[in-house]
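Subject: Structure handover, salt bridges

Hello,

Here is the structure for you to take over. My notes on its charged pairs follow below.

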Amino acid sequence: MSKAIDLRKTVFELSEEHTDFIEIMKELGFSEITKTAMLHSVGKLMTLPRGAKMKDIPMDRIIGAFSEKGYKVIGLDNAAEADAIVQSSEMADETATSAARNAAATGDAANRTELIKSYLRRLGDGESLETVQADFVREFGEVEASEIMKAEQELMKEGTPLEEVQKLCDVHSALFHGTTREEKIMNAEKAVNESMAKSTVESHTAIHESAAKNTENASKLEGIKGHPLYTFTKENEKLAELISVIRPVIEKKEDVTDLLSKLRELSIHYAKKGDLLYPHLSVKYGVTGPSQVMWTVDDEIRDEMGALEKETDRGEWWFTRLANVITRAEEMIYKEQNILFPICAANFTDDEWVGVYHDSKDYADCLGVEKEIWEEAEAAAPKKTVFEDTGEIVMPGGHMSIEQLTALLNTIPLEISFIDADNINRFFNEGPKVFKRPGMALDREVFSCHPPKIEPMVRSIIDDFRNNRRDSVPVWMDKNGRTFLVTYMAVRDNEKNYLGTVEIVQDMEFAKEHFGIQ
């Protein structure tokens, strides 16, 4: 059977079908096709006729090149018809959306925002992602990312649940990937950096640099050996490499047990974002978008991979789910590099980056990326609180120096965290912890340190303590193959007034060994 190139299929589909397709396209001038990220994003929306139109490469040249390699080009009768269909489809697109474009070009900001919100609402009403995405990208190819973020923000203020807004996260990414010119993609990336920083709290607008400067700053920081963004980027590069290895194995329905186990190390990467980046952006700078949306996506990706790894029935449905969650992880790489990291670069101070660097030491290596030394941060150790009063602390049960009390709390074989009556993190004892407690979280509201899906439970427990409905809540859990008892307890004075909540984490493996429990 002769080989066939179907012009109705996307560039990505054709690359999957023919092993020499990418090389032929490269020789024709489609150099971007060699970039995995571009192939898996723009390539999934681009056909050969549209690509030829964008690159100004005659279709007869493309047909001739594939014919020389033994391919039969099908889907259109000739090159002239291919060019004509591309032109006519573009004219149809323009006619169908002229009203929206005119409104976008001449209307005020409110009208543009309402137009965008109408498409976001369609998703909430159950319309298919593919249909909404197609209309959204076609009608707003020139939209500013700041307008998208403003529309999303307004929907949330109007009462749209976070879960529905979450569905739009991938649509936004598709918009940035799906325009026909790479210049538009770059513009959207820059605009979203600025918009997510500005749209949440207008009073902070003055402290944010331009979008281009944000991206430039992020790139500089990613190039500093040992800097947190350097490490995050290295981990993303390793993750992208691993995804490129696991994809063909999934398509062949072969054993991916070892690869999936390795892939799940991205949980370390996500945990660092959740502890060190999202809460600080939200609490210190009022940039809530990443913590509300990206953090939720991180949790969903991690939980789905964990569930799939436990499944023993690995039929067709299993491989489909795995492919889907890997795509989401791949999209998150893009969002981190082009949205999250530039926002952090625009806001975090040098001292704050030093704090993130030192807190990061408490996490395991991820995907084979070892911790590098950041010389500047090592020279600037995190600032510690210094007590001017050098006298002893006197308590009903005795007295001791601050040094003694600190050593005592650090010696107790428990992870101790104390949250005061105003829900502020006031104290963590030092030492290695299974449940990370970054120093930057001190003096910050405790709820900001938990993923959105966990926050309601934390609020409920503390509310019960505050109103004397409960005094303690024990939670048993398994983590890293060990059993832990996490106990939340209300802290009260002699008159039973609520002073705060203490969280105690205890490794219970010793008890299992003592009682011979397997």
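Start with Lys273. Its side chain forms a salt bridge with Glu336, with the closest N and O atoms 2.6 Å apart. Lys273 sits in helix α15 and Glu336 in helix α17 (residues 316–347), so this pair ties together parts that are 63 residues apart in sequence. Keep in mind that the model is predicted.

Are these two partners buried or exposed? Lys273 is buried, at 0% relative accessible area. Glu336 is buried as well, at 1%. The cut-off for buried is under 20%.

Helix α15 (residues 266–285) also holds Lys272. Lys272 meets Glu235 in a salt bridge, at 2.8 Å from N to O. Glu235 belongs to helix α13 (residues 228–251), so here the tie spans parts that are 37 residues apart in sequence. Lys272 has a relative accessibility of 6% and counts as buried. Glu235 is buried too, with a relative accessible area of 2%.

Lys371 and Asp365 form a salt bridge through their side chains, at 3.1 Å from N to O. Lys371 is partly exposed, with a relative accessible area of 42%. Asp365 is also partly exposed, at 36%.

For the overall count, the structure holds 27 salt bridges. Those described here are among them.

Best wishes

How values were computed. Residues numbered from 1 in each chain as written. Predicted model: local features only at pLDDT ≥ 70, side-chain atom pairs only at ≥ 80, totals over all residues. Heavy atoms only, no water. Salt bridge = Lys/Arg side-chain N within 4 Å of Asp/Glu carboxyl O. Helix = DSSP H or I, 4+ residues; strand = E, 2+ residues; numbered from the N terminus. Buried < 20%, exposed > 50% of the residue type's maximum accessible area, 1.4 Å probe, protein only.
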